[in-house]
Amino acid sequence: MFTGFDFDVISRSLPYLWQGMLFSLGLTLLSMLGGILLGTLLALMRLSSFTVLSAPAGGYVNLLRATPLILVIFWFYFLVPIAMKKITGDAYATGIGPFYSALIAFTMFEAAYYCEIIRAGIQSVPRGQGHAAYALGLNYRLAMTKIILPQAFRNMVPILLTQGIILFQDTSLVYVVGLTDFMGAASKVAQRDGRLVEMYLFAALVYFLLCFSASHFVRRLQVRYSTGR
Amino acid sequence: MDFSVFLQPAFSGGGTYLDWVLSGTKWTLLVSILAWIIAFIVGSVLGVLRTTPLAVLRAPATVYVEVFRNVPLLVQMFIWYFVLPEIVPLGMGDWMKTRMPMPEFWNAVLCLGFYTASRVAEQVRSGIQSIPIGQTYAGLAMGLTRGQVYRHVLLPMGYRIVIPPLTSEFLTIFKNSSVALTIGVLELTAQARQISEYTFRTFEAFTVATVIYVLITLVVTVGMRTLENKVRVPGYIGSAGK
């Protein structure tokens, strides 16, 4: 079955694939960071007792969670250049390049998912902790940053990382706008050399090994975090 | 904003752009629902296998779940469409390449179905495992066989417990069906993009597609919540939520 295979095409294109992998990893890490920051903000808004804050955050999260990621990527590819023209006032502004457009799309999309994780995390901290903080005279900002969020994030680390693994798999979808992430690089080599079978199987193997070992690591972390508390 | 663009005759002749939207919606629903049927059946079998005491049955199900969960859907889509016809026996490969009806559509359905099956399996497994082990022992003590314990004790409870997580998997399948556009299925997202390319009415095209996805989500959520309330075990699980 593997007799007609040309494994040389893989070793030949390794440097190119490595560039793609760096793109994928960079996009994953940066949008994870941005998504968690924005997601925390959204979660605090959703939990706020002011409707003027909680309603828009809730609407945003529900809208993004109902929309396919591919459509969100298309949306931001279309919206980011328009926004750039508005912001810079330059009618010929050409946008900020494909990487940053993708980064904004993934950050905005993941923020909705991270928001729900973080909201659950904040709600898992016993109410008494917040009351105790207020009783000690801490204001909202101090109670959140010093008491509630540190405990919430400690509980959430495994699930935030799991979402990061899903995000890493999802970055392969930048293929639809022609970017050269790991999958994009693999598919470009596959089509150039007519070696679809080898390249796609190799891509699947690489993704599997990375995601499998990462999720194993998260599972071990989960065991460690769930004990000793 | 000018939504009258959807009433204009489409570039291809015959019909309007609205017809493109409707056709896209039809394919999104078809792919998702057929894939869901596969996912539900295969996922249920795998989920049950993962809870059996026999390692011989557990191991293959575990391998399946790990493989299908740890490879991105896009890569799986390409493997079904580009790789599979090359590595199956020659006669079947030739059939897949030349005579298979609607190969994009059926490969997308199979891919999405078997991908989602791994996620359904995990939900079914955790649903069954959340039932106190005493119920299994009680069933066995009353003389039921293991098969009967599953049939009469574990599955009727397990399925009711997993309705909320299965709802979110069912919603995910509609969104994931958009990945089928990469192998050429003209579903909703693909049609929206096509309309934007032909008319330059990008905002309108994407808005309509987004609204349709939100409507699908609403309908599915309401439907599943009704089902959840209907089959709820009194006093066992909390109410269907807010």
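Mentor: Two residues are said to be in contact if their C-beta atoms, placed from the backbone, lie within 7 Å. With that in hand, and keeping in mind that this is a predicted model, we can begin with B:E204, which is found in helix α10 of chain B, the helix that covers residues 202-231. Once its neighbours within four places in sequence are left aside, B:E204 is in contact with B:M1, B:D2, B:F3 and B:V5. As for its surroundings, B:E204 counts as buried because it has 20 C-beta neighbours inside 10 Å, and 20 or more is what the term buried requires.

On the side of α3(B) the contact is made by B:L84, B:P85 and B:E86, while α4(B) brings B:G93, B:M96 and B:K97 to it. Sorted by class, the residues of this contact of α3(B) with α4(B) divide into 3 nonpolar, 1 polar and 2 charged.

Another residue to look at is B:M77, which, when residues up to four places away in sequence are not counted, touches B:A108, B:C111, B:V179, B:A180, B:T182 and B:I183. B:M77 also belongs to the largest nonpolar core, which has 110 residues, and B:M77 is among the members that touch the most other members, together with A:I73, A:A186, A:Y200 and B:V75. In soluble globular proteins, nonpolar side chains tend to be buried together.

Stepping back to chain B as a whole, we find 10 helices and 0 strands, and of the 242 residues of this chain 36% count as buried. The C-alpha atoms of chain B fill a box of roughly 70 × 55 × 25 Å, taken along the principal axes. Among the contacts in chain B with a separation of 6 or more, 72% are accounted for by residues 24 or more positions apart.

Chain A, for its part, has 9 helices and 0 strands, and of its 229 residues 36% count as buried. Its C-alpha trace spans about 70 × 55 × 25 Å along the principal axes, and 73% of the contacts in chain A between residues at least 6 apart in sequence join residues at least 24 apart.

Where the two chains meet, 27 residues of chain A are in contact with 27 residues of chain B. The elements of chain A that give two or more residues to the side touching chain B are α3 (51-66), α4 (69-88) and α9 (196-226), and α9(A) gives the most, with 11 residues. By class, this side of chain A has 23 nonpolar, 4 polar and no charged residues.

Finally, a word on confidence: the mean pLDDT of chain B is 90, and 96% of its residues reach 70 or more, while for the complex the predictor gives an ipTM of 0.89 and a pTM of 0.90. Where pLDDT is low, the predicted coordinates should not be read in detail.

Methods:
Residues are numbered from 1 along each chain as its sequence is written. Chains are lettered from A and ligands numbered from 1 in the order in which they are written. This is a predicted model: local features need pLDDT of at least 70, side-chain atom pairs count only at pLDDT 80 or more; totals for chains, interfaces and linings use all residues. Helices (H or I, at least four residues) and strands (E, at least two) are DSSP runs, numbered from the N terminus. Ala, Val, Leu, Ile, Met, Phe, Trp, Tyr, Cys and Pro count as nonpolar, Asp, Glu, Lys and Arg as charged, and the others, Gly among them, as polar. pLDDT is the predictor's confidence in each residue, from 0 to 100. A residue is buried if 20 or more other C-beta atoms lie within 10 Å of its own, exposed if 12 or fewer, and partly exposed in between; C-beta atoms are placed from the backbone. A nonpolar core is a set of buried Ala, Val, Leu, Ile, Met, Phe, Trp, Tyr and Cys residues joined through C-beta atoms within 7 Å.
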